[in-house]
Amino acid sequence: MGAGRFSGTAVGGRRAARPVRRRIGRGRLSGARLRRPVDAARRPRSGAARRRGAPGDPCRTAHAARSGDHPNGARGARRTGDRGAHRGPGRTRLRRRRLRPHPGRGAGGTERAERGRARVVRAVRLLPDRGARRAEPADGHPRPLATAAGVALVRTGRDRRRAAGREPARADRAVSGDRGAHRRHDRRRRRLDRRDGRDASATDGPAARTGSRADRRVSAGVGTEPAEGIPAPPRLWRSRRRLRALGRGVVGLLFAGAVLVTGARLLVFDAMWPVAIVTVFAPYAAAASVVVLLGAALVRMRITLLVALGLVVVHTLWMLPRLTPAGAPAPGGTRMRVMTANAYFGTADAARITALVVRERVDVLAVQELTPESAAALDRAGLTRELPFGAGHAEPGASGLAIYARRPLTDARPLPERTTMPMPGATVEIDGHRIRLQGVHTIPPMRGQAGKWAHDMDALRREAERRTLPTVFLGDFNATLDNASFRALTDTGLRDAHEERGRGLTRTWPMAHFHGLPPLFGIDHVLVAGGIDVVSVSEHRVPRTDHAAVIAELALR
């Protein structure tokens, strides 16, 4: 470092040397300052130095005090050289006041009556092989003193309370996740930086101890890692703020979606296009509510946390019955297997449908979107040999619907009310049990068609209210268990087969990534009423269609 070179020194007076300050940078250590010595040849000599005929070097003064030849004695040397004493090239001595324990206070006390003040310890240079050093005050609480490239300061105003465990360090509070600590730290840093600009001309000595609040900051040096317990650098803190802002944005979007879907689910009508479509996302809103609850707790969004807690409770009340299976049916009795399949405009694999009928021993089959071509393909595949009786007929497009049965069908007729697409029904007798079968295919509730879809659902509801026999509704309802129109249908006494077996979250459309998406919604159902119990229900993939085939085994009482 060479000989001490400072901008001005009062050797015998009370004013110490005034070093030249410069900022280390604006980023990681915007509040830290580096004491940079100035060339001695360009420094004006003080009056005391001229009177003594000495060059006025404080380091030489401190060195003279150590050798015992200081004019004012050791006390004067401490007063003029306590800001750093030079011991020669490459060596530095760290000088600090001794901490005398306060009477009756133990080793944690400080020597100052004003315990709120901060003690400043400066290091001009360190030994090359020792790196950053740590101070050990009387209370045993370690403090970082200096680093290899700058000056670090020590805060000791609250040492006694921290040692007693009654008050954590400010850095500890920030690291432990104190709410708003990052913002308070940045505001305090900017405020101290502005004040540092006004106090840059302050002199050292007693005046400097109370002048600049920046000298009471705890900071780390350039090019070294921050010591344990020291707040993270501002750049890292900004990254944390960005992550927190991103987390709040994601939580806010999920929260808005969950609230929107929950509001649509609470409505008792869905004859409008947006309501009918939004309501089918209720299971996903339940999962989003749980994510929002956890995310709001992490990013400290209190109001969102409370609302998300209410959403979780509401969705739990809605979803829990779907996941709870009903009681097992009584052993014995007559069994019947029913199946529903959507031919997707007649393009479904007829051989696969016939194979499922033969393998699962299906007694009743309902096919939606049956075209004349697909009906002929099913006939060639042997479906009519397994299920020779039928009701309904094939039509071009998506309007065709037919029921195939192993036993004779009677009273075949469509719904009494006119619907968008024909929905035929019939009665079958199995082992003395007469069962009313009703095929279902409603129009999708898309834009401009939600009213027609709601009308079709109302027609099914009125048919269920007029029933006099055990009834089975099976087909493509284009509705989930959350739609208000479907809930009105089940309120008549119809029970969903999936929900009866605790599989109310089963998804049947779109199937097998037909539209580039995994199955999202369960819109194919088998509903039963009267003396019928559900034994089992399963889904099967059919090539070249976007619906899963649903097979339910029923027990007749």
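The paragraphs below lead through a pair of helices and then a sheet in this predicted model. Local features need pLDDT of at least 70 and side-chain atom pairs count only at pLDDT 80 or more, while totals for chains, interfaces and linings use all residues. Residues are numbered from 1 along each chain as its sequence is written, and side-chain values use heavy atoms, with hydrogens and water left out.

Helix 10 (residues 282-299) and helix 11 (residues 302-319) have axes that come within 8 Å and cross at roughly 150°; helices (H or I, at least four residues) and strands (E, at least two) are DSSP runs numbered from the N terminus, and axes are lines fitted to C-alpha atoms, for helices over the stretch in contact, with angles from 0 to 180 degrees between N-to-C directions. Where the two helices meet (contact means heavy atoms within 4.5 Å), the residues of helix 10 include A282, P283 and L293, and those of helix 11 include T304, L305 and M319.

The UniProt record, an unreviewed entry, lists residues 245-267, 273-296 and 303-320 as "transmembrane region", although such annotations may be inferred rather than shown by experiment. Residues 273-296 are 92% helix and 0% strand, with end C-alpha atoms 32 Å apart.

Further along, six strands form an open sheet in the order 10-11-9-8-19-18, with mixed pairing (two strands pair if DSSP finds at least two bridges between them). Strand 10 (389-393) and strand 18 (532-540) stand at the edges with a single partner strand each, so one side of each is left without a neighbour in the sheet. Strand 8 (residues 334-342) runs antiparallel to strand 19 (residues 549-556), joined by seven bridges.
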